[in-house]
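Reader: I am new to this structure and would like to go through some of its side chains slowly. Could you take my questions in turn?

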Amino acid sequence: MAIIAPSGALRDDLRGLLAWLTTELDRDAQRACIDINPYAVLSNGDPSQLAGESKIHLIGQLADLSASDPYFRRADRWRKFNTKGFFTTEVVEAVRQLLRTADGKTDLRDLLLEIVAHSGEEPALEAELRDILFSNEADFNTRLLAMKALAGVEGRNRSDDVSALIDEGSHNALRLAAELVMDEAVSLPDERLLQLMRAFIPLFKDDDLALEEPAGSTYFISLLVSGLPAVQATYLLSELSSGLKCTCGKERSYECHCRVGISKLIGTLLDRYFEVAHGPYCPAQLWSWMKALNFRNDKSTRDSLSVKALQADHLLRRAIQLLAFESLSDEQEIWDAFIKFRHGAMHSSLFLTSDDDTWMLQHAAKTKRIGMFSAFYRTHNWYSESKGPSEHRALQRTYAQSDSDFLRIAASKERASRAAKLDVRQRRFRFQSRRRKRQEQIERSNAKNFTQHQSVIAKGEHWSWLRDFAREYLQEDFHEDGVLKYVRDPDFIENALRSSVGFLSKNVPTLEEIGKSRAEGRYYVIPEVAYAAVLAVFRDQGSLDDIDRSVVIAAKTDINVHHSGLSDEERAAFHAEIDRCLFTTENDLLDFLGAYVEPQLASSSIIHSSASLLSYDKAFADVAKETALRWLREFPQMPLSSAETLFDIGSKYERYDELREILSQRCQEIRESWPYGPPEKKLKEAQDFWFLRSFAFGSAKFEWEVLSHFPENIFALSHRYDSLRGSRDGEWPTLNASQIYLILDAFVDKWPVVPLPSSWGTGSPKGETAYRFLNGLIWRIPDDEPSMQVEVLKKLLSNDRFEKWHDGCRHLIAEGRRKNLLRQFAAPNSDVVCQLLDSNRVATVEDLRALVVEELRAAEKWFRDGETDPIDAFYVDGEHVDENTARNRIVDRLDLRLRPLDVVLSIESAMARSNRCDFTAVSSIGGRRTCLVVEVKGQWHRELFEAAATQLHKRYSHHPDAAEQGIYLVLWFGPEVHVAGRTTSGIQTASELEDAISRRLPDSLAGAVDVIVLDVSR
């Protein structure tokens, strides 16, 4: 077992081996295997092969495992179990008790439900399964498992279960009811099915964009409807639509919310109806189902079968539309109906098309329906992009010429249309006229200017035209209303830019002047023009060697602008050529940064600087980290946006110590400059900025007290440490366990529990965003060292304020212990394993420890039950011997048993710092010396309960050959002897003392140190 489960921690790859061994061993050995990992024995083996007592023990150990590790199944939920033959009367009773007491916060109850299903014992547990099915406190998956288990109860009336779930009416209950109905074994009367459908209505959201319910929360309704036959779909449509009308009293359909849910349900049923019902269809019946529906959004033919069917069947669709219009006589009602069918909340399949308009116009003319003719009359669309004659308007004119009533309507409509157009034109005419005149004057002036100065422009010496040329040249295409309106030839523009290099070299400002202008918030156009001119030369010559350095430097200051006229490949080549010309040594890079960026960092008036060059410009990669740190030290007043960039650069290169020094200095400056009363906004922003980083990069007690005082500061933390940024894949250090505890402790009361939908984003409410961040923090504790994890997790467990995360903490403690035990384990090679199996040779230090423990237990039995009364060797003149004498007697016995296995025992072995261990067991494993340390204490020793940690672990087990493992051996001489120097300890047996010492053993030693209390009492 020491190989399969070193220190009691089962390796995942050997779970199957443990499960197989369990079924092959005797009863006592089965219990030992089950104690190591009961879930592995159940899930990876054949539990039906276990002895009866072992089966009961397995169920009990599962309960104990659930208490210490609530999520012990981890990602193993896909597994199927074969439990035929596992259940006995005793096992059923044990499972019954657990089903009654286990809650849904752990994996235990779901596991029991899974093994009960298809076991044949479902009838015996029917009452418990039914209680879980109808428990609204259980989650959906647990109730579903109980429902599936109940399927194994023959003769059960499952339609009664549907009724009970309908009466409950919750989302989960109705979803379970739908699952039952979709099961072919359940036959539900039409009336009960209608009752279920009516219960579904509140589940539909009023707004499809709402996020209160999880995405797809009503998908199960669509699944249920997709299995209905045509007869049931027809029945449900008729019953649900009967008497449907608005009850909220809203005049406008888009304000009405009372019919949205039932409309969506009927729409789903209509899709099913058109899928299974094969015509001919009755228009009157369809209209009776659809006339009162009210929808928020349209659906296309791709999303809805009913829309697809009715949009394709023109005769049927128009027959339904005609039913709606023929029932109306008032002209205003007809017009309102037209608006509803054109732009309203009707079922999308009934929306009027242009052909429908023409058909309805013809019908109105033939039947002499004046109001209907007026509703479908179309005036000229002055703004339509389509040209040519209109069939609809041609028919209107024909009908108007043949009937005086139609002619009156046509004349009235046309007059109103012309009057409306004239009114719009009169209101817009003055504004458009003035604007047009100004534009024409500008264009005439530009054309005249270009003609007068064409020769100067061609030489690239006219500044205003160069500026316009550069701006459009750097775009993807020249604008048709831009400079091409005057120049006509794009080559002229490019030649002018190339020719401007000489002109620019005489007038371009120095790099210091450009940097100073940026620091003062002024914008220089010259860098953009220089960039365009240098680009034009590069495209022509492929090199910048002939260009004055000052012009290239000016162009370099504009590379942070993304110009759409360059492809990514050309931009990379162009920038590389600029860098080649400017930077031949590292000093060139530093001189450029010093002249251009540092004046900006020294300014106290700008909001953004060009310091980001260090992060995105590859030319400065070699000097980025040192320059970033230097700037952070030398320019404390730099914009916070620049400080953030530089700080992240330093963090990216893990210059944490230097960053902490800078943080300490900045925080000290803020504390010293803090005013009495409310600070200025700029100072408050600087405080939040530097204090947050001080907390993230080290211990900052004062800074954290300030940050944690303001609840809104949690969003700065979540922005940096949410699942998409920060500690997972950003530049900052990962939050350690202590920092996570501080965050939870500070904000858990300020941001209480709220429901967390499955969809979230930047638009989520603040309370939801804050609690989601807090809720995910404990799962980052495993990123820290195992020793720190356990300490923080225990603090969380001891505080009721964090009760909502207690199960998660227990799981993480169990996982941390398992990983810690396996961290230093080295699997033995095949030769060592063969020696273990063939010659009983020790294979690992864990194996050596298990062997010594086994021999100690055997020695205890021999001392107490040997025919020659060997226990007398522990007493002289009726008094027990001292520790060393007792130790010698034990070593003498062990030596006889262990020496044939090449295990050598040594008394008073020398340890580091002049310490000596009571005795050691030494063996050679794979050619390497392996040492197991054993510390012996009598029950009377005053440090009895602490010596395992303070003496055995700290002094001895750190020996390089001991692998931090050992045995703490305690001698028990009976209850009449003092325990740890106390006369009234309450401990009466050796097993009670062993339990008491084990409970006080530090978590860090669990699995690494065995506590053995050897009973040598008479």
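Reader: Over which ring does the charged end of Lys413 sit?

Author: This is a predicted model, and the values given here are computed from it. The charged end of Lys413 is 5.6 Å from the centre of the ring in question, which belongs to Trp335.

Reader: How many aromatic pairs does the structure hold, and what kind of pair do Tyr273 and Phe274 form?

Author: The structure holds 43 aromatic pairs. For Tyr273 and Phe274, the ring centres are 5.6 Å apart and the planes stand at 85 degrees. Planes over 60 degrees apart count as edge-to-face, so the pair of Tyr273 and Phe274 is edge-to-face.

Reader: How many residues apart in sequence are the parts that the pair of Phe647 and Phe697 ties together?

Author: Phe647 and Phe697 form an edge-to-face pair, with 4.9 Å from centre to centre and 85 degrees between the planes. Phe647 lies in helix H35, whereas Phe697 lies in helix H37, so the pair ties together parts whose separation in sequence is 50 residues.

Reader: Is Ser708 buried or exposed?

Author: Ser708 is found in helix H38, which covers residues 701-708. Leaving aside neighbours within four places in sequence, Ser708 is in contact with Ala746, Phe747 and Lys750. Its relative accessible area is 12%, and under 20% counts as buried, so Ser708 is buried.

Definitions and conventions: Residues are numbered from 1 along each chain as its sequence is written. This is a predicted model: local features need pLDDT of at least 70, side-chain atom pairs count only at pLDDT 80 or more; totals for chains, interfaces and linings use all residues. Side-chain values use heavy atoms; hydrogens and water are left out. Rings of Phe, Tyr and Trp (its six-membered ring) pair if their centres lie within 6.5 Å; planes under 30 degrees apart count as stacked, over 60 as edge-to-face and the rest as tilted. Helices (H or I, at least four residues) and strands (E, at least two) are DSSP runs, numbered from the N terminus. A charge sits over a ring if NZ of Lys or CZ of Arg is within 6 Å of the ring centre and within 35 degrees of the ring normal. Buried means under 20% relative accessible area, exposed over 50%, partly exposed in between (1.4 Å probe, protein chains only). Contact means heavy atoms within 4.5 Å.
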